[in-house]
Amino acid sequence: MSSFLNGRTSRVQVQWQSIVVVICASLLASVSATSRWASLVRAVRNASTPIDLEAFPGELCMRSCEDTQPRVCYFKWVLEHYHSMGPACKRCADGVHSDCYLPACLTADGFERGVMSINRQVPGPAIQVCKDDLIVVDMTNAMGGTATAMHWHGLHQRDTPHMDGVPFVTQCPIEFMSTFRYAFWATEPGTQFYHSHAGHHKVNGHYGAMIIRQPEVNDPNAKLYDFDLPEHLIVASDWMHVDGEMYMPGLPNGDGILPVNLLINGRGTWLKHNGNRTNAPREVYRVRKGGRYRFRFINAASHVCPLELQIANHTLEIIASDSYNLQPISANTLVTTSGERYDFVVNADQPTDDYWIRLRAIGPCDYRQISQVAVLSYQPMSVPEEDIAFTDKEIPHYQDQLFLNDVYVNHPNTTCGVSKPDVCITDFQAYETDDDVINGVPDMQFILGFENYPMKFEDAFGMGSHEHFMNIHDDIVLQGAINNISFTYPPFSLLTQTDLITEGMFCDEDSWPERCQTRDHCTCIHRLKIPLHALVELYILDLTPEVNDLNHPFHLHGYQMYVMEMGQDRSTPITMERAQKIARRQSLHRTRVTTMPPKKDTVSVPSKGYTRVRFVADNPGFWLMHCHYEWHTAVGMVLVLQVGEPGSFVKPPAGFPTCNKYTPDVDASLFDA
């Protein structure tokens, strides 16, 4: 840990070594997976026998990356049905603070409920490694009655697309009591995270941080901070007091599909109906006066409410989003949607004290006034953490202003490039760009209009109907769709069982199956087929009829996207023509001109607006694109991109698990011995 605490002084000492490491790392990144493996083997041993994984615990990979060789980082995880505030917490709920820190005590917000845990933790164990390390995770599914998979959000998986963790797209789900070995390279440096891509396991607790560091010489913002500490992670999530499955398909007498609380690194308190707060610890972040600290914020939420972050008396200097470096912009209020990550620098220049880090659920959650706090503490290390975590300091009310003038990043209703001093992601500039992508003529352009549309009664509940839907309240029954198609999955893994694929199993807006010809929407396997190396432009349009503060985050697996523009006109429904008109109007009024658009893998689409993105389709395979709100994914606001033909796909390892429906003919062969 000491190498993280040396601060600025250590940088001068390792500057030359850093340059050498960067050269080696860049060479390593440019070679094939086979060569990458050979380089790793040379670094860890001189033999051709299988690596003894037990000798390389992943926790030891949390190190300075200034002067290091690639390592094997081995993690052993058990996924369980567990509980918060269970017997492992002893008398934590009664105010015995030390019991709240017992190894198997999972406090969450102090409310007893069943959860899905990883190694009896929520969030799961943090993965902190260096670029080009080999990450190996043995994942045992000990959750009776359910199958699962884990997605490594932010990694492009070029060498290992079958490790992307999407059931029935890149792998078969991991069955109960099975162990699946994920093995992939730490190729994309920055703030990433992992989460389940099965059912509602993520909202029940299956998520965690994944930080991939690199030598600071590769970070153009390194001069802005003194410390980049492993413990300065803010993993924000929404929280319910029931299982997520309670809301699928939903409850007619319910109050919508919304959370009741938020968590910061799996911790927080809950204001009970009697006016008292639960006895549970808050998260504590320690700083020393005068230091400049890099914080890494991960929005691991599942619901539709944007999360707003503020640190009392402190400015946030935004330096990265979705792991990609940004030219810094300062603000005091950061708004994010599910799946986004932002890095920012906090200057500990205030009087020695404890300051609230406040997280609020806004937009559709405004009326619920849900907030959570953690503590930014200047107190010396001699003060025990539990004394700070259980402070009696008055908590700000949801409506209290922490700043005289709020300066927002990504306010839901910001007019990008115009609303000063507020900014949105398209007002940021990257440090580099690709002129062929930014100014080139797209080979393919797709207009993707998404919505949650009301289902007809006979489609949802007619004889023989078993389509997915969500019942948000009363008799409102919705299905998610992109271009009038609600996505459903095949019974096998598209990427790893290509021999079972037939062209007739897919659909797109120009090709619907016969059973959908008389309907205005269709449930089928929605695929966009894209030639390898094509320059692709996507217009993502919010066609939902409601006008509110609900911005949909869309995540594209396997890629980074250049965010070219976004806009909204809340007075009328969006169309392609209106999107282009908004773009022209904004270009005339812009006070900021972005010549180097930022890159992201999760982009927010303004309410009743649009976002335009571009990328080069140079990563062959099947890649999911979907709204990152958990219930919208579950009801079909999803499509899959097929980039290239199966002959260009990376082949899965020998013995990779397969799956398919089992419907043999009922004849004598069924009983042959």
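Domain bounds here come from an automatic or database domain assignment. On that basis the chain of this predicted model is divided into domain 1, residues 74-411, and domain 2, residues 435-648. The centres of the two domains, taken over C-alpha atoms, are separated by 27 Å.

In domain 1, 52 residues are in contact with 45 residues of domain 2. About 3800 Å² is buried between domain 1 and domain 2, and carbon and sulfur atoms give 58% of that area. On the domain 1 side, Phe168, Val169 and Tyr324 lose the most area to domain 2, together accounting for 16% of what that side buries. Four salt bridges are found across the interface of domain 1 and domain 2.

Aromatic side chains are the next topic. The model has 23 aromatic pairs. One of them is formed by Phe506 and Phe622, which are stacked with 6.3 Å between ring centres and 25° between the planes. Phe506 belongs to strand 25 (residues 506-507) and Phe622 to strand 33 (residues 621-627), so this pair ties together parts that are 116 residues apart in sequence. Phe506 and Phe622 are both buried. Elsewhere, ring pairs link Phe75, Trp77, Trp152, Phe180, Tyr182, Phe184, Tyr194 and Phe656 into a cluster.

Rings also take part in contacts with charged groups. The charged end of Arg113 sits over the ring of Trp239, 4.4 Å from the ring centre. Arg360 has its charged end over the ring of Tyr398, 4.5 Å from the centre of that ring.

Notes. Residues numbered from 1 in each chain as written. Predicted model: local features only at pLDDT ≥ 70, side-chain atom pairs only at ≥ 80, totals over all residues. Heavy atoms only, no water. Phe/Tyr/Trp six-rings, centres within 6.5 Å; stacked < 30°, edge-to-face > 60°. Helix = DSSP H or I, 4+ residues; strand = E, 2+ residues; numbered from the N terminus. Buried < 20%, exposed > 50% of the residue type's maximum accessible area, 1.4 Å probe, protein only. Lys NZ or Arg CZ within 6 Å of the ring centre and 35° of its normal. Contact = heavy atoms within 4.5 Å. Buried area = accessible area lost by both parts, 1.4 Å probe. Salt bridge = Lys/Arg side-chain N within 4 Å of Asp/Glu carboxyl O.
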